[in-house]
There are 4 protein chains.
Amino acid sequence: MTTDPLTPTPAHKFTFGLWTVGWQGQDPFGSATRAALDPVETVERLAGLGAYGVTFHDDDLIPFTAGEATREQAVKRFRTALDTAGLKVPMATTNLFTHPVFKDGAFTANDRDVRRYALRKTIRNIDLAVELGASVYVAWGGREGAESGAAKDVRTALDRLKEAFDLLGEYVDTQGYDLRFAIEPKPNEPRGDILLPTIGHALAFIDELERPERVGLNPEVGHEQMAGLNFAHGIAQALWHGKLFHIDLNGQTGIKYDQDLRFGAGDLRQAFWLVDLLESADYDGPRHFDFKPPRTEDAAGVWASAAACMRNYLLLAERSRSFRSDPEVRAALAASRLPELALPTAEDGLAGLLSDRSAFDDFDVEAAARRGMAYEQLDQLALEHLLGAR
Amino acid sequence: MTTDPLTPTPAHKFTFGLWTVGWQGQDPFGSATRAALDPVETVERLAGLGAYGVTFHDDDLIPFTAGEATREQAVKRFRTALDTAGLKVPMATTNLFTHPVFKDGAFTANDRDVRRYALRKTIRNIDLAVELGASVYVAWGGREGAESGAAKDVRTALDRLKEAFDLLGEYVDTQGYDLRFAIEPKPNEPRGDILLPTIGHALAFIDELERPERVGLNPEVGHEQMAGLNFAHGIAQALWHGKLFHIDLNGQTGIKYDQDLRFGAGDLRQAFWLVDLLESADYDGPRHFDFKPPRTEDAAGVWASAAACMRNYLLLAERSRSFRSDPEVRAALAASRLPELALPTAEDGLAGLLSDRSAFDDFDVEAAARRGMAYEQLDQLALEHLLGAR
Amino acid sequence: MTTDPLTPTPAHKFTFGLWTVGWQGQDPFGSATRAALDPVETVERLAGLGAYGVTFHDDDLIPFTAGEATREQAVKRFRTALDTAGLKVPMATTNLFTHPVFKDGAFTANDRDVRRYALRKTIRNIDLAVELGASVYVAWGGREGAESGAAKDVRTALDRLKEAFDLLGEYVDTQGYDLRFAIEPKPNEPRGDILLPTIGHALAFIDELERPERVGLNPEVGHEQMAGLNFAHGIAQALWHGKLFHIDLNGQTGIKYDQDLRFGAGDLRQAFWLVDLLESADYDGPRHFDFKPPRTEDAAGVWASAAACMRNYLLLAERSRSFRSDPEVRAALAASRLPELALPTAEDGLAGLLSDRSAFDDFDVEAAARRGMAYEQLDQLALEHLLGAR
Amino acid sequence: MTTDPLTPTPAHKFTFGLWTVGWQGQDPFGSATRAALDPVETVERLAGLGAYGVTFHDDDLIPFTAGEATREQAVKRFRTALDTAGLKVPMATTNLFTHPVFKDGAFTANDRDVRRYALRKTIRNIDLAVELGASVYVAWGGREGAESGAAKDVRTALDRLKEAFDLLGEYVDTQGYDLRFAIEPKPNEPRGDILLPTIGHALAFIDELERPERVGLNPEVGHEQMAGLNFAHGIAQALWHGKLFHIDLNGQTGIKYDQDLRFGAGDLRQAFWLVDLLESADYDGPRHFDFKPPRTEDAAGVWASAAACMRNYLLLAERSRSFRSDPEVRAALAASRLPELALPTAEDGLAGLLSDRSAFDDFDVEAAARRGMAYEQLDQLALEHLLGAR
């Protein structure tokens, strides 16, 4: 058994969606550049690379138009491959965006019959997900949105979205499933504006549900960065609310179309802080890669990029350990008074605060203003650890 | 008494911050281009233009270094001017960002004494705000953030932020004040990344407070647009949560520095949908302009832009009324099945949905997929109403 | 003959790409929602709506894999339809992006044989374009770019791009064609970064070509707005260089994926200033719409959005005329000293400037600094004309 | 003498603006957090850190309102300090943005007297720059722009801008100065939109000047990234045109306000590719840091961040050397056919290309389309070299 910290093993809980390595390269301006991948081959390959598990949309595994017999056979082959390879299915999700019937959304489509169909399609795949051992069910509402102002009454649409999650929660309760939902926010693309555009909007929404404890988040690196937001900050807030149920790792180079680069490509410093956070936080779920090997690549490039996602995570984790264990870093954190942020502001309570003359009347504002925060020295230490230069 | 729908009157509840028309034009690359404005002149001018009220940061009214006597005199002059002009003070807020003591934040500064000072400065101005009749107290945490990854432990900082709002809530409760807090989110500037960067993040945060009912939002047009988010969508979600306590109206032309243009300048179509939403929603609070007359303007330009903020709101409200009352628009809304979105997806409950063969097994997906949504016709009607072309 | 300024006629020179109304709605997350459109139907419909002409990529008209016979027949049917409908083909272009062979670019693909194939495919369609009467040939290098840093040596790639345009220019010269090239810049999508990302980069590139006079620009509204740039400013600079050979009109709501909304949707104020500029400038080329009717729409929505593109242009042109002819606007322009900008700074030459004590030594800087620019009053007049409120 | 490749020496040609380490921390929402720095101290400190030179705006060195005597004394003290420390002044520039007289721009202000004053202020500082040994004169037109559409006729403004550079070129010619101009583009801030917003726009503009050979570029990392553009690509195009006369190095984290972080902070991967390009290209000018130590820092933080700018450049240069000399990288570049991009596409000329059946008629498109580009393997090698992991 390897102890090389840079060699992925199932203990690292790395997982991949079937649709990631399986992406054929069709984009808004081009057709497929790669052949379809058999899910069974994907399972074998990923196991060979050291992954822990695989995830899927219903339509990744079973063609949209498949009859019962085809469906059963596809599931059976997949399950056999999983068993043989020793791969888990910790998460599954529903494709509610590819077929034109979902062009106006699924749970918030203006057409009621489309909404009902979307719920039934989801429920059907929840059964399969549970059967295959999933404990998290992701909901990306990529088509729940609009391109124009009158097309969607947002408050009404949120009523419908709540109704959908309440019904799904009831279903899972009724069935006695050990399954939690994870909402995946995204600001835009494929819709002009998508409902629940960020981690924050989704967190707030969950609080209005009938079973908030059953619902958390599946944030994706690139989605928050498409709004120019700091992903590590967003994950920290999700953790603070106890709502990081799953995570999608990939890369994005700024505010533009959804790039889904391999993890490590894109904003490298934010990737470092993300790994630093995940490795220190109380999150033991999968490290799930939701990326697309660029359309320029053939099969060799696909598997190289999948392997690199894991390797980059492990490299960044190693850099984080080295950063956190460096005595100079600890001194720098103290110089920047991070330990002081952890102290309550008023352990003496409101009354204590109000009666403390040193807090206001006698406070030497100008002297306090002269203190430097020493953040540049601290950040430079972090950068040098990242570069492997310390 | 005027009945011209384009002439502002106090009934429209238009309010302005002292710091808006009073902005002297200092920016990151330039010094002031305009003289300081006396708050008393501001009150008189705004009343003359038809405003309902005025708002302030403590330091707008009373110099940071003022002693008690100066303070009392400033407040007295201001109150007299308000009474004379008949202007209200529906909102006030604290300046926790200008002085260098707040360079690392206020409620989440790493330095505990700065946090305590910030709370006391806030409490002091809450007393004044209540005395002057304010019912909303805004909290913009513009310096609560960081430029580098290790400088702020976000989860710990959120603990401190929660502690601050819990203490302030306790204070207001204890005093028996009829005052609610409104958090103003912003993604960045002046910090590289700010905590609670969007409407969504702030809504989620509020749910963790001891007195969530006392705390809502004060969203600002440009702040959400700096993250590329649809402001009208954000306001709709805030309303859905019952959390629109106040609103900051201005203009922004896309993702860049915070522009604070006059309302109507910037993204005109989003401004239209915002007014359309506010006028139809259950929001009867102030329409507060938080803008900065460009640095190129002299006093005449300042007052022209203030008047234009109100006129543009009224023009857009008129366009919205004309849009909503047009029979062709109603037909177009029906053609786009907006009324159907308002119907429950499963008034028959989960059991009904699960047993309905028409919902899934017998659903004609392809036929449903062929239905057009007719959004282009609807949006074109809206655009023509906006242009005054119908 | 109509004199309604809002009814499109061929005199307005409105043109559409076959691929615009013909877009079937396939996007990165969804399959087609509309059937293919026969180019002949497109021609008939557009003529019926008042358009002047139609444009095409080779593969829009003739399937990529078509043999000679199919090709000839397709061209013949198209030409007959054009003649019958009285529609022109003022522009054509090459599809160098859909087929996987172009996944790394065309004129700058690392593979030499792909570059040669791309040139031959272009030359072949140039012949057809000229045969159909086109005088402008657009080159959008959408796949000339990279997702990663070492994948493309940019200086070498620019050598190849120059070589390609020099060869194409030589071909057109040799053939004696009356045809000019128009480069269409775009910052990203479908590649992570595209060469010649903005109007400026393309203008600079042209100056290095062997036949710069034969090459100009085809800027697209949304492409510049994807970089947060002011489109009207970009067009003004292109006009200043004498390089506006063609233009692509559409709509975009900020920095995000390429939306290709109908003209008028998106940033309405920038659309106004664009029309104001085009109508006053020395540009008599086509007003070409390069948009995509949203994927939510059926055929009725497609044609409604096409008609709306033209109507919105005409509405904005009318608003511009009303703005420019308003005496108050003329006074406001004078108050903002626009006429003074048109005066030379130093009609007295360098010597005059250097010897003018009033220019520096005796210049009253503080007095000059106090002058207001009166831009807010001017901009408000523009906004009110746009809203049809004056 | 040190041979440590990570210790800065004058041979590395690192330079800093007086205004960088001297920035006092005033931002749009806050006042200064640091005392003013004496230029003499700056010179001594920078020399101590291993810098090669220092640069300045006129007003950095000599107060705006200074009389002749003060001016002479300031220059003399500065020159003495330079001589003592052995520091060079390779570049200087004019402050045409801080004083309110420039609120509408300088060379393109609507007011003719402001334009004349700006030219004279520039000429005066050119004399000083040359006297101090500068060979590059930077022109950042930060206030040449507008917030609203009618405020600036862009074509007329470009006429004025050209007039200004033609006059300045004439002056320098007349004086026989060995001085070249370097235009610094920026898309926005402090104006809503700035003229010559990107590297491309400035390159194109230069081609219209009377003395194009005298004018090149001074691109700044963050300015291009504020438009979402790839900075290394932009620099490559500037080099391709022979127009990289100077460069401003700093850091920026995406599309937002101008951050001016220390070099290495911000987009680390783009910084790596930039250094990789600069070190391999024919550029031997200064590596000029135009950054602002964050407002949170005291003097220790200021000098730590200045030292880190240089160290990060040297670290990245070392990583670049290791990348370029790795045999696996060379193999990967070949596998991605980079050497093939360097071959002419048609060394056989147009006739050869047209008569080559293998180029089109017999070209096996499908076979060519199947080739992978192997970019993921190549980019992963680059990433691992950057992380110091190979």
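Chain B and chain A bury about 9300 Å² between them. Of that area, 61% is on carbon and sulfur atoms. The model is a predicted one. Chain D and chain C also bury about 9300 Å² between them, with 61% of it on carbon and sulfur atoms.

**Interface of chain B and chain A**

- The contact involves 103 residues of chain B and 104 residues of chain A.
- One of the salt bridges pairs B:Glu347 with A:Arg112. Their closest N and O atoms are 3.1 Å apart.
- Polar contacts link 64 residue pairs between chain B and chain A, counting pairs with both residues at pLDDT 80 or more.
- Helix α6 of chain B, residues 154-175, supplies the largest share of the side that touches chain A. That share is 13 residues.
- By residue type, the side of chain B that touches chain A has 52 nonpolar, 19 polar and 32 charged residues.

**Interface of chain D and chain C**

- Here 103 residues of chain D are in contact with 104 residues of chain C.
- In chain D, the residues that lose the most area to chain C are D:Arg120, D:Trp240 and D:Leu341. Together they account for 9% of what the chain D side buries.
- The interface of chain D and chain C holds 14 salt bridges.
- C:Asp111 and D:Arg337 form a salt bridge. The closest N and O atoms of C:Asp111 and D:Arg337 are 2.7 Å apart.
- Between chain D and chain C, 64 residue pairs are in polar contact, both residues being at pLDDT 80 or more.
- Helix α6 of chain D (residues 154-175) gives the most to the side that touches chain C, with 13 residues.
- The side of chain D that touches chain C divides into 52 nonpolar, 19 polar and 32 charged residues.

**Symmetry within each pair**

- Chain D is superposed on chain C by a rotation of 180° with 0.0 Å of shift along its axis. The RMSD for chain D on chain C is 0.0 Å.
- In this pair, too, the same surface serves both copies: 100% of the contact residues of chain D recur in chain C.

**Sheet of chain B**

- Chain B has an open sheet of 8 strands with parallel pairing. The strand order is β8-β6-β4-β3-β2-β1-β10-β9.
- Strands β8 (215-217) and β9 (248-249) of chain B are the edges, each pairing on one side only.
- Strand β2 (residues 53-57) and strand β3 (residues 91-93) of chain B run parallel and pair over 2 bridges.
- B:Phe56 has B:Ala92 in β3 of chain B as its bridge partner.

**Sheet of chain C**

- In chain C, 8 strands form an open sheet with parallel pairing, in the order β8-β6-β4-β3-β2-β1-β10-β9.
- The edge strands of chain C are β8 (215-217) and β9 (248-249). Each of these pairs on one side only.
- Strand β1 (residues 14-17) and strand β2 (residues 53-57) of chain C run parallel, joined by 3 bridges.
- C:Phe16 has C:Val54 in β2 of chain C as its bridge partner.

**Local backbone features**

- The peptide bond between A:Glu189 and A:Pro190 is cis, with omega about 15°. A:Pro190 sits in the loop between β6 (180-184) and β7 (193-194) of chain A.
- A cis peptide bond also runs from C:Glu189 to C:Pro190, with omega near 15°. The loop between β6 (180-184) and β7 (193-194) of chain C holds C:Pro190.
- A:Arg337 is not a glycine, yet its phi is positive, at about 60°. The loop between α12 (327-335) and α13 (338-341) of chain A contains A:Arg337.

Key: Residues numbered from 1 in each chain as written. Chains lettered and ligands numbered in written order. Predicted model: local features only at pLDDT ≥ 70, side-chain atom pairs only at ≥ 80, totals over all residues. Heavy atoms only, no water. Contact = heavy atoms within 4.5 Å. Buried area = accessible area lost by both parts, 1.4 Å probe. Salt bridge = Lys/Arg side-chain N within 4 Å of Asp/Glu carboxyl O. Polar contact = N/O pair within 3.5 Å; in protein donor to acceptor, adjacent residues only side chain to side chain. Helix = DSSP H or I, 4+ residues; strand = E, 2+ residues; numbered from the N terminus. Nonpolar A, V, L, I, M, F, W, Y, C, P; charged D, E, K, R; others polar. Least-squares fit on C-alpha atoms with pLDDT ≥ 70 in both. Pairing = 2+ DSSP bridges.
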